[in-house]
Amino acid sequence: MKKMTGTALLAMGLSSVLALGFAAPPGMGQAPDPKPSMTHHASSSLENWWKNAVIYEIYPRSFQDSNGDGIGDLNGITSRLDYLQKLGVDAIWITPCYPSPQADFGYDISDYEGIDPQYGTMADFDRLVAEAKKRNIRIVMDMVMNHSSDEHKWFQASRSSKTNPYRDWYVWKDGKGQTATDKGQPPTNWQSVFGHSAWEWDAKTQQWYYHKFYVKQPDFNWNNPKVTKAFDDILNFWMKKGVAGFRYDAITTLFEDPNWTDEGVVMDASGNPKINAYGDQVLDSSKTDNLPGVHPVMNHFRQVEDAFNANAFPGHRVLIGETYVATINDLLRLYGTKDKPEFELPMDMQLGFINKMDVATFRSKLIDVETRIEGNNPMLVFDNHDNPRIDARYGDGVHDTEITRVISTVLFATKGASLFYYGAELGMKTTPPTRKEDVKDPVGVTGWPKDKGRDGERTPMQWDDSAQAGFTRGTPWLPVPPNKAAINVKAEEADPNSLLNWYKALIHLKKTDPSFREGENVMLDSDNTKVLSWMRKGPGKASVVVAANFTTEPQTVNLKEAGSGKVETLLKSPGTADPASLEKIELPAYGVFIGEIE
Ligand code: NOJ
């Protein structure tokens, strides 16, 4: 979750090789026409497609509207698959498009086996899967297991009476001090990530229900095997439709403390309770997040996905986790063990959400995720629909494009899978609402003005410079930012130095260069606090060196520890010279150099 609201989850503990030796044309970030993969579906790459995958997150409401209602939809996504293929993505993760009252824009699901009419029909979904497959693009669905909508038939049944068979599908408790005539106080001090108590009184059945998120998102009771069985069926339903896996939402919050004890209050530096944007005391989340119950459940769903793999459609179904955890060891545990595997790709949120251009922290977090996960596969991510975009967390308002080049280099030129959010490739900027009455996100409604919510990172995709940026012919559900005049696909496709062409070139390198695909990450010049440098070593004779300047001043680095041979430019940011040798690589402000050495 977003830092402000889910201080929460963040703070706590919240294919194919076509051309070998590809070199970008001299000049910067110029991308050759990325060639579609021909061997993508050969059996070994079929199994391992996810290891080096480039995965693109689509917020369907905001990507492309096809029917003029101002809301993006599935047919809109289908119409943009050629763009995604040229960009080089292997898979798209679509945030929830199931039927939903949209209280949390789809993360409140009222039917797990349907498509919300706002986004289209099941036939549209099937067509999207089929068209994407033709372009070697896989579809990853969002799977929200922590909670459903309060309008889901299961919760409606659950709240209808204390004896209803669905009662124990959700978390119900008596209040503290509750009597026949007094509801008492909420059962614990636990808080919703979206503000205030996580318990809601239900007058009809005279008990409190637990909701880690919005009041309209009651938590499932994961101690009930019937809930597990229901999700087995849901996963199989979507796998039969041909999806390539799931991104498991809020997965570390499935379980709560079985003893129902209060959480600790977090203190500030002066010894006073910390207060968040909602005016609530900040709690340590120790009783509601990252509890051990999640591991057997995820091992179970790994088996469900693997079993499907073996028996039906060929090709590996992947488990991706929304895993905001406090330490690398917590992340390691989410991969499971050899005997009891869990996620293939639990997201590493520690590197991507440092939110500061600090070389030493980047280096240490990179070393963690590349070397301290026991040979598992890293998944890096720097942005999503819950956090301000890269400009607002890393930018300085002057060098945002250059800084995004640095960030994207860390994302694509290191080992493992890379996940990024629609519009990042254009340098789309966070554009929060300016008036409370315009806020759509429940987080902003409760948190205003301290927390303006997540609308700012959910504005429509900027396709061109027309009135609604090519997103809709109607009125967009969120306004199109005025910067669409310069920041848009059409303009950036035409500019060899654009961020979009930089992303294409990096992704192409990631997919075609053997060192990028298989080389170990070895940090170079490890005491340098201004430039982050590393090498992708091997697997053959050639290795790749990468140097990224994290400052506004020009910097020079000596990377002779990487080797003594010649260095040949593979890709460099605008204004960066071709170095004569590894001993003197000169970088302008936020400059990036990527070169091949013998
Ligand atoms: C995490 C999702 O990314 C976020 O958008 C949502 O509000 C919460 N989980 C609740 O499902």
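Student: Across which strands does helix 8 lie, and at about what angle does helix 8 run to strand 3?

Tutor: This is a predicted model in which local features need pLDDT of at least 70 and side-chain atom pairs count only at pLDDT 80 or more, while totals for chains, interfaces and linings use all residues. Residues are numbered from 1 along each chain as its sequence is written, and side-chain values use heavy atoms, with hydrogens and water left out. Helices (H or I, at least four residues) and strands (E, at least two) are DSSP runs numbered from the N terminus, and axes are lines fitted to C-alpha atoms, for helices over the stretch in contact (heavy atoms within 4.5 Å), with angles from 0 to 180 degrees between N-to-C directions. Helix 8 (residues 225-240) lies across strand 3 (138-144) and strand 7 (245-249), and its angle to strand 3 is about 160 degrees.

Student: Which strands stand at the edges of the open sheet of eight strands, and why is one side of each left without a neighbour?

Tutor: The order in this open sheet is 9-8-7-3-2-1-11-10, with parallel pairing; two strands pair if DSSP finds at least two bridges between them. Each edge strand has a single partner strand, so one side of each is left without a neighbour in the sheet; these are strand 9 (345-346) and strand 10 (379-381).

Student: Over how many bridges do strand 1 and strand 2 pair?

Tutor: Strands of a sheet pair through backbone hydrogen bonds, either parallel or antiparallel. In strand 2, Ala-91 stands opposite Ile-55. Strand 1 (residues 54-58) and strand 2 (residues 91-94) pair in the parallel sense, and the number of bridges is four.

Student: Is Ile-92 buried or exposed?

Tutor: Ile-92 belongs to strand 2. Beyond residues up to four places away in sequence, Ile-92 touches residues including Tyr-56, Ile-77, Leu-81, Ile-139 and Val-140. The C-alpha atoms of Ile-92 and Ile-58, 34 residues apart in sequence, are 6.7 Å apart in space. Buried means under 20% relative accessible area, exposed over 50% and partly exposed in between, with a 1.4 Å probe and protein chains only; because its relative accessibility is 0%, Ile-92 counts as buried.

Student: Which residues are the closest to the ligand?

Tutor: A residue is near a molecule if one of its heavy atoms lies within 4 Å of it. Of the 13 residues that surround the ligand, the closest are Asp-104, Asp-249, His-385, Asp-386 and Arg-454.

Student: How much of the ligand's accessible area does the protein cover?

Tutor: Polar contacts are pairs of N or O atoms within 3.5 Å; within protein, one must be able to donate a hydrogen and the other to accept it, and residues adjacent in sequence count only if both atoms are side-chain atoms. An oxygen atom of the ligand is 2.8 Å from a side-chain N or O atom of His-385, and for Asp-386 the corresponding distance from a ligand oxygen atom is 2.4 Å. For Arg-454, an N or O atom of the side chain is 3.0 Å from an oxygen atom of the ligand. Of the 300 Å² of accessible area that the ligand has on its own (Shrake-Rupley method, 1.4 Å probe), the protein covers 100%.

Student: What is the phi of Phe-105?

Tutor: Phe-105 is found in the loop between strand 2 and helix 6 (122-134). Its relative accessibility is 8%, so Phe-105 counts as buried. Although Phe-105 is not a glycine, its phi is positive, at about 45 degrees.

Student: Which peptide bond is cis?

Tutor: The loop between helix 15 (442-447) and helix 16 (489-494) contains Pro-449. With omega near 0 degrees, the cis peptide bond is the one from Trp-448 to Pro-449.

Student: Which residue has a side chain joined to that of Gln-555 by a polar contact?

Tutor: Gln-555 is in strand 15 and is buried, because its relative accessible area is 16%. Leaving aside neighbours within four places in sequence, its contacts include Lys-530, Val-531 and Ile-585. The polar contact is 3.0 Å, and the partner is Thr-551.

Student: What is the relative accessible area of Asn-558?

Tutor: Asn-558 lies in the loop between strand 15 (555-557) and strand 16 (567-572). A polar atom of the side chain of Asn-558 lies 3.0 Å from the backbone nitrogen of Lys-560. Not counting residues up to four places away in sequence, Asn-558 touches Leu-582 and Glu-583. Asn-558 is partly exposed, and its relative accessible area is 35%.
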